[in-house]
Amino acid sequence: MTLKIIKHGLSTSIQDLGRPGYFHLGIPMSGAMDRFALRTANMLVGNDEGAACLEAVFLGPEIEFEQDTCIAVTGGEMPIKIDGIVQETWSSFKVKKGQILSFGFLLKGARIYIAFAGGIDTPLDLGSRSTYPIGALGGINGRAIIAGDTIPLGDQSRAKSGLSIPPELRRLPNKPADLRVLPGLYWHRITEQTQDQFFMDDWKVAPEADRMGVRFKGGTEFNFVDREPPFGAGSDPSNIVDGCYSYGSIQVPAGKEPIILHRDAVSGGGYFTIGAVISADMDYIGQLQPHTPVKFIKVNMEQALEARKERQDMLTKIRTVLDE
Amino acid sequence: MKTRYSFGGDEHVYVEIDEEMSLDAFFKSMAMSNAVRDAKIDGITEICPANASFQVKFNPDIIAPDDIMNKVKSLEAAANMAEKKMTTRIVEIPVFYQDPWTHETQMRFRERHQDPTGTDLDYAAKINGFKNAEEFIEAHHSQPWFVSMVGFVSGLPFLFQLVEREKQLQVPKYLSPRTDTPKLTVGHGGCFACIYSVRGAGGYQMFGITPMPIYDPEAKVKYLQDFMVFFKPGDIVKWKPINQAEYDQITAEIEDGSYVPKIVEVNFDLDAWNKDKVATNAKLMEALHDA
C-alpha cells in the first residue's frame, strides 16, 4: 500500500500526535498543529485517532494512489478533488488505484489534514512518525515530503468510508480570532499599563508563522518594570537567564512582537514570557493565516479548564456520532 | 535566592529558583527537579531542568493544577537540605578555535555584529579585558565548564564555566540573530557557552568548532548508538584546543568508528568547590590525564 507524491504543495509533512517526553533534551513534541482536525480525520477512515496523516499548509499536495484505499480531509477549508471532481470535506470516501488527489485554493484556515485508511506507516523515531526537520526526526528521513516520494500505508482491514462530521462539530477560528491567555511566567516584568494594553490591542498574525512559532504585530510596544540586569541574563529588559519555555508561551523579544511557541517549540531560551495560550486554543493557532486580526483574551485557570473540557466534550460527541 | 512559582498555561508549572545564574541556583534546580521525578506524581508528562529554573508539564485531566503546584512546592524544603554533591563525568571536547568554517559564517553575517571590523573572538577578548584572541582562548579552555541545561534544539548543551563570578566570560549575543550557524560550532552568549548540535539559526558569538558530533538521529556515530543525544545536565566539560590536522584526524576516526571520546567518572562537591575552586578544578582535570 503506497502513495506517490506528484506535487508536495508548499510544506507538507507527516504528523501524528507527536513525541512527548524529550523536551528536556530540546526535542519538542511536534505532531499536528491542529490536533482536533487530525483526530477527526483519522476517526472518519477508521484509524486510531493518533495515526499519522499528512499536514499541508496553505497549498494542497497532489497524490497518486497506487492501491485502493479510503481517505478523509479535515481542518482548513480547501476543495478536494479526485481526478478533478470535487469531493466532500470532513467526510470519508473510497478512492481507487491510479486515481489522483488534488486540491483547489485555500478558502479558510491554514492547514488541512489528510488521513488514509491504515495510517501512514513510515518508521517511528522516539515513538512517533511526526516530522521534526531541525532534529531530522520522523517524516521521510527526517524531512517534509517532496515530489517523487513514495509513502507506505498500514493495514487496510479496518477501513471506513461514507462517514461525515456534522457541520456544527467542524471547527475553525472566527475572524477576528480570539486567543485565550493565562497570564503568568514573567508577567510581572511588564508595567500594569502594558499588561492592560496587551489585551486591548488589535494584533495581526505576521508572515513569520511556522510550526515552531507564530509572530504577531500591530500592538503597542511593551514597557518594562525597571531592574538591574540579573547576572547571566543579558542587558535587554526582555532577557532572562535562559530557562524552559512552555508550549503556547508568549515571548516578546525586546518588547516588540509577541511570538507564541507551538508544537515544534524551542525548549528554552533567554527571552521573558508573559504567560501562555490555554491548551484549548492551541489548535486554533494552527489555522491562522498571515494578516488575520487577533485579540488576546485574559482568562483564569478555572476558565482555561472549562474551555479544555468543552473541547473534550466536542470530541466525545464526534466519537458517539461516528459510532452510531 | 528566592523561589518563584507560576503556571505556564493550564499544562505547565514553572519554577524559577533564582533570577541570577549561579551554581547554587543550578544545584537547587536540579535537586528539586530530581525530587519531582522521584516522587512519581501521576499526571506529570515532562520534567525539564534549566540553568536556574525548571519546568514540569502535566495533564490537568489527571491532576488538578493546584494539586500539582502544591506537590512541587512541598518538595522545596527537602531540596534545600539536599547534599550538593553528585557523581558525574568529565568529558574532553576537542575544539578547533578560529576555524575556517565559523570564520566564513562570521564574515557573512558581519553587519549583524556589534563590531563589524573584527572577529567574534577579537570582540570577546576586547570586552573581557584580554590583550588578544589568544589570551581569551586560553581563559576559555584552561578551566572546566558545567552543563547546566540541555535544550533550545536537539541536544544542545548550555555550559557555565567553573570560575568565580568576576572571571566569568561574558559576551552579548549578536545584535540580530544569524540565519545560519555551522553544525558543532562552539558558541557563547551572556555567560553561557554552547555547542550548536545541528546547523541552523543562532545568535551566540562563534569561537570555534568541534569535530565531535553530539546529536545523531541516524545512529551512525559509534558512541551515540545507545542514545542520539550526548549531553545531560551535570556533565563537566574540558575544552581541548586542536589544530586543523588534529581536526581532520578526529573527523576521519569518527567516520571509521574508531574515535572514543575521553570520558571519566568524577565526583563533584559544590561546597568543596566553593572553598577552593582552583584545587577542585585541578583535580577534575587530572582525572582526564589518567584516562
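Between chain A and chain B there are two salt bridges, a salt bridge being a side-chain nitrogen of Lys or Arg within 4 Å of a carboxyl oxygen of Asp or Glu. In one, the side chains of Arg308(A) and Asp61(B) meet at 2.9 Å, N to O, and the side chains of Glu11(B) and Arg308(A) likewise form a salt bridge, at 2.8 Å, N to O. Glu11(B) sits in the loop between strand S1 (4-8) and strand S2 (12-16) of chain B, while Arg308(A) belongs to helix H4 of chain A, so this pair joins two chains; helices (H or I, at least four residues) and strands (E, at least two) are DSSP runs, numbered from the N terminus.

This is a predicted model, in which local features need pLDDT of at least 70 and side-chain atom pairs count only at pLDDT 80 or more, whereas totals for chains, interfaces and linings use all residues. Residues are numbered from 1 along each chain as its sequence is written, chains are lettered from A and ligands numbered from 1 in the order in which they are written, and side-chain values use heavy atoms, with hydrogens and water left out.

The contact (heavy atoms within 4.5 Å) takes 43 residues from chain A and 53 residues from chain B. The area buried between the two chains, that is, the accessible area (1.4 Å probe) lost on putting them together, summed over both, is about 3,800 Å², of which carbon and sulfur atoms give 60%. Within chain A, the residues that lose the most area to chain B are Phe231(A), Asp242(A) and Cys244(A), together 20% of what that side buries.

The second largest pocket has a volume of about 680 Å³. On a 1 Å grid over the protein atoms alone, a pocket is an open set of points where a 1.4 Å probe fits, with protein on both sides within 12 Å along at least five of seven lines, and lining residues have an atom within 4 Å of a point; the volume is the space filled by probe spheres set on the points, which are joined across faces, edges and corners. Of the 31 lining residues, the closest to the centre of this pocket are Arg35(A), Arg39(A), Ser279(A), Arg308(A) and Glu11(B). The largest share of the lining, five residues, comes from H4(A), and strand S4 (53-58) of chain B is among the elements that supply at least two residues each.
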